Amino acid sequence: MVMEMQIVMELAATVLATLGMIIDGGFSEMKKEGKNVFDLGEKAYWLTVMFNVVTWQFCFMGTAGMVFLTSSLTGGVCMTALMAVNVLGGVIVYGDNFGGIKVVSTLLCIWGFSSYLYGMYMKMKEEEEKKKDDSLEKLIKNDKDEEENMTEIHVTHNT
């Protein structure tokens, strides 16, 4: 049910954005951009646009799925990590300037993501230790119960 709602929301957003582009004349601007601005030609331009549309749909669907399966916090943390990857990708692939603001924002994204991972690691480690302690206490209790039963059997047998 939730997945169907997500698909409906994505389709509605796509339809509304497309209608907005039609009404505002955005597609004619895109045609001009594909012919006059894009270096690799009009066909490559439209393939790039369609590839971006599809990959963004998958990205948002994956984020929604992650929120559904875990929590919105996990989705937010992963999106923060993705922002750092996007900034670094722009610098590496397109040669963008990696100035002070990008450095600080990337470091903050990496720091936040790392802190979250470390917190999850510590939580899992704590839960694992608690399980070990609980199972050890259970074993000790079972041993005491068996010892008491054996004592009762021995006392009953001797009388």
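Mentor: A helix here is a DSSP run of H or I with at least four residues, and a strand is a run of E with at least two. In this predicted model, the secondary structure comes to five helices and zero strands.

Trainee: What makes the order of elements α-α-α-α-α?

Mentor: From the N terminus on, the elements of the protein run α-α-α-α-α, in keeping with the count of five helices and zero strands.

Trainee: Why is Thr 106 called buried?

Mentor: Buried means under 20% relative accessible area. Thr 106 has a relative accessible area of 4%, and is therefore buried. Thr 106 has its place in helix H5, residues 100-158.

Trainee: Which residues does Thr 106 touch, not counting residues up to four places away in sequence?

Mentor: With that exclusion, Thr 106 touches Ala 84, Val 87, Leu 88 and Phe 98. A contact requires heavy atoms within 4.5 Å.

Trainee: Which residues of helix H2 are buried?

Mentor: In H2, residues 26-37, the buried residues are Gly 26, Met 30 and Gly 34.

Trainee: How do you know that they are on the same side of H2?

Mentor: They cover an arc of only 85° around the axis, so they lie on the same side of H2. On the other side of H2, Lys 35 and Asn 36 are exposed, a term that requires over 50% relative accessible area.

Trainee: How many residues of the protein count as buried, as a percentage?

Mentor: Of the 159 residues, 11% count as buried. The protein exposes about 13,000 Å², of which carbon and sulfur atoms supply 69%.

Conventions: Residues numbered from 1 in each chain as written. Predicted model: local features only at pLDDT ≥ 70, side-chain atom pairs only at ≥ 80, totals over all residues. Heavy atoms only, no water. Buried < 20%, exposed > 50% of the residue type's maximum accessible area, 1.4 Å probe, protein only. Areas by Shrake-Rupley, 256 points an atom, 1.4 Å probe, with all protein chains shown as cover. Arc of directions from axis to C-beta.
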